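Okay, everyone, thanks for coming. Have a look at the model on the screen, and I'll talk you through how some of its pieces sit together.

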Amino acid sequence: MADIINNIRKDDIIIAFMGPTGSGKSYFIDLLTGQIGQRAGSSLASVTSDIQATRIKHPKYGDRVVLVDTPGFDDTKRSDMEILTLINGWLEKTYKNDVKLSGLIYLHRITDNRMAGSPLKNLRMFGNLCGDHAASRVILVSTMWEKVNPEVGERREVQLKNDFWKGLIERGSKVDRLRSSKTQEAWRTVNDLIKTADNREVVLLQQEIVDLERKLNETEAGKSLHSDLQKLLFDQKETLKSLLAQVEKSDDPRLKAELEKEYKKIQKQFDKTFREVNKMKIR
């Protein structure tokens, strides 16, 4: 895996998969390689904590097709800042080697009944990372259609198109569905990107880091993450205040012990968020 990432060639057709943890990135790649369930499991924990590449044989393009699996911005093993640094490092390296992505596939679970929290954060980060030019090389793919009533799924898809995906669609992104868990269906989804692979585009994060020589915290993706971290810090601070008030009021020793345990847990999270906010400070 590491060898493939480090030895990507200029004429390779690189398709990057992005989206929240559990949206089916690893499973999608397993379908394309015909190794269903090889890496993806049933766990909600992140399968991909590093950037992983799979070079596959294509009937027309030989071994030029490279599928890149990226961790989501809600990874169970790494912080969002570590994920952004990881993705940025790979994008920067490929661009400096004069390699551009042929396409990006952004995955979203159609089983989600609302767009909030993690999926919304992932989509916002993706939009800021991708930028205007590369949006035309993006396919927004909804997954897990077999697990939802078709009418419910269609209503959710309409809302995604009209609201959350609207900006990307207006900039040229296409919308598709992974209708079934079949290798043929997965290939149908990516074939358009492969056929038009020469229409490569640089993503905004690459331009900002390499061409404009900005620091990571000065990029659109970095500023978006900084804003998210500040909000998280505020929420954690309010939770700590509430827990402290409950501890002081309680006369029940067992409840008090539980509240104090929860307070220590949130305090630890708060300290970690605080450190990350300081690292991402924009001068």
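Predicted model: local features only at pLDDT ≥ 70, side-chain atom pairs only at ≥ 80, totals over all residues.

So, Asp-80, Met-81 and Leu-84 in α3 touch Ala-221, Gly-222 and Leu-225 in α9, where contact means heavy atoms within 4.5 Å. Sorting those contact residues gives four nonpolar, one polar and one charged.

Residues are numbered from 1 along each chain as its sequence is written, and side-chain values use heavy atoms, leaving out hydrogens and water.

How do α3 and α9 pack? Helix α3, residues 80-96, and helix α9, residues 220-249, pack at about 175 degrees, with axes 11 Å apart. (Axes are lines fitted to C-alpha atoms, for helices over the stretch in contact, and angles run from 0 to 180 degrees between N-to-C directions.) That makes α3 roughly antiparallel to α9, meaning an angle over 145 degrees.

Now α4, residues 117-134: its axis and that of α9 come within 7 Å and cross at roughly 155 degrees. So α4 and α9 are roughly antiparallel too. The contact includes Lys-121 and Arg-124 of α4, and Glu-220 and Asp-228 of α9.

Key. Helix = DSSP H or I, 4+ residues; strand = E, 2+ residues; numbered from the N terminus. Parallel < 35°, antiparallel > 145°, perpendicular 65-115°, else oblique. Nonpolar A, V, L, I, M, F, W, Y, C, P; charged D, E, K, R; others polar.
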